Amino acid sequence: MLNFDKDRFVKIQSGAVAIAGDVRALMKKLLSEGAERMFFMGTGGVQLLTLPAIELAQRHSTFPVSAQFPAQVVIDPPAGLDENAIVILPSLSGTTKESVQLLGFLKARGVKTISLTGHKDTPLGRDADYNFTNFAEDDTSSESFYLQTLLIVLALLAERGEYADFDGTVAQLQRLPGLLVDAKAAFEKPAAELAAAIKDETYHIFTGAGSVWPEAYYYGMCILEEMQWIRTRPVHAADFFHGTLELVEPGVSVFIFKGEDATRPLGDRVENFARRYSDRVRVLDAASVALPGISPQVRALISPVLLATLLERLSAHLEVLRNHPLTTRRYYKRVEY
């Protein structure tokens, strides 16, 4: 596979799953101490990677779990940000400016903080009340954060008696890193072909629903816009027919992401419409990935992980064909803003 280190990838994703036992113990502790609500507060794209876990919690529990923007929280904090709140702070670098500022703000309020970082010896790695460090880099971080935040929510639900098979799910997830390598290998040729087809296109609509909507948003904003300088329009499949449909015509690229949860019909509806009016409809379907030994119930939880791992192959080919490394930036961490 192009520019891919199998051993490194498996080690990183295995590290993400390995936090399961400690996370379960931590959720038990925090609930026993009176925790009443949970917030995920990530800056930029990493916040999008927390959204599937948040939606899972909101579907299965009355325990309040929500997302907040760090830069906004320090200006206008939400209600309930107190000693009975848990805040999850994901940051690959552990140095994200807005998140570091937020951590100090939260500590002054007595909020319990859990950081998820790729590097321990950093402000967020050192100074949060609890930290889980799993080394990763940009090309491996999406799966890692999806899995870690999923495990946090599953542990919360399990401790509240709202998820019955935590241990069985973890046992299946432990098999996932190797299966993801196989999925990448199977998608290598389609990824190369898709990269060749879109390398000169300047605009894409990205859509999805349920757990894969955040991946549609993330890939458009954080990969194609930030890392390739290509304009995109992410739109939730439920909103596609309330504005964006009028932009569909021959030559317009429409990416439709499909997962394996109850919201799948929303993606089907967009596909059925888009194929009538555009010749550039691209569907990425989590159901197409072979995962021997993974149950339908667990597959439904990991659809965004599967799409992220396939899309990394697309990105690897795209940066080569466009002669535009994924690390190239004009403004991000280059100028003052």
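Helices (H or I, at least four residues) and strands (E, at least two) are taken here as DSSP runs and are numbered from the N terminus. The structure is a predicted model, in which local features need pLDDT of at least 70 and side-chain atom pairs count only at pLDDT 80 or more, while totals for chains, interfaces and linings use all residues. Residues are numbered from 1 along each chain as its sequence is written, and side-chain values use heavy atoms, with hydrogens and water left out.

We start with the segment after α14, where Asn-323 is placed. The phi of Asn-323 is near 55 degrees, a positive value in a residue other than glycine. Most residues other than glycine have a negative phi. Asn-323 counts as exposed because its relative accessibility is 68%; the classes are buried for under 20% relative accessible area, exposed for over 50%, and partly exposed in between, with a 1.4 Å probe and protein chains only. Lys-333 also lies in the segment after α14, has a positive phi of about 60 degrees although it is not a glycine, and counts as exposed at 56% relative accessibility.

Tyr-332 belongs to the segment after α14 (303-321) as well, and at 38% relative accessibility it counts as partly exposed. Together with Tyr-331, Val-335 and Tyr-337, Tyr-332 forms a nonpolar patch on the surface with about 470 Å² of accessible area. Such patches are made of residues with over 30% relative accessible area and no salt bridge, like charges being joined within 9 Å and nonpolar side chains (Val, Leu, Ile, Met, Phe, Trp, Tyr) within 5 Å. The accessible areas come from the Shrake-Rupley method with a 1.4 Å probe, and for residues only the protein chains shown count as cover.

From the surface we turn to helix α9 (residues 166-173), whose buried residues are Phe-166, Thr-169, Val-170, Gln-172 and Leu-173. Seen down the axis of α9, these buried residues fall within an arc of 160 degrees, so they line one face of the helix; the arc is that of the directions from the helix axis to the C-beta atoms. What covers the buried residues of α9 includes α1 (6-17), α2 (20-32), α8 (138-159), α10 (176-198) and α13 (296-301), where contact means heavy atoms within 4.5 Å.

Ile-294 is found in the loop between β9 (280-285) and α13, and it counts as buried because its relative accessibility is 9%. Although Ile-294 and Leu-179 are 115 residues apart in sequence, their C-alpha atoms are 9.6 Å apart in space.

Arg-299, in turn, lies in helix α13 and is buried, with a relative accessible area of 10%. A polar atom of its side chain lies 3.1 Å from the backbone oxygen of Ala-286; a polar contact is a pair of N or O atoms within 3.5 Å, and within protein one must be able to donate a hydrogen and the other to accept it, while residues adjacent in sequence count only if both atoms are side-chain atoms. Leaving aside neighbours within four places in sequence, the contacts of Arg-299 include Glu-260, Ala-287, Val-289 and Leu-306.

The charged pairs come next. Side chains of opposite charge can pair when their charged atoms come close. A search of the whole structure finds 24 salt bridges, each being a side-chain nitrogen of Lys or Arg within 4 Å of a carboxyl oxygen of Asp or Glu. In one of them Arg-24 pairs with Glu-159, the closest N and O atoms being 2.4 Å apart. This pair links distant parts of the chain, with Arg-24 in helix α2 and Glu-159 in helix α8, 135 residues apart. Arg-24 is partly exposed, with a relative accessible area of 25%, and Glu-159 counts as partly exposed at 26% relative accessibility.

Another salt bridge joins Asp-82 and Arg-37, with the closest N and O atoms 3.0 Å apart. Asp-82 lies in the loop between α5 (70-73) and β3 (85-91) and Arg-37 in strand β1 (residues 37-40), so the pair ties together parts that are 45 residues apart in sequence. Here Asp-82 is partly exposed, with a relative accessible area of 23%, whereas Arg-37 is buried, with a relative accessible area of 17%. Finally, Glu-143, Lys-184, Glu-188, Glu-312 and Arg-313 are linked in a network of salt bridges.
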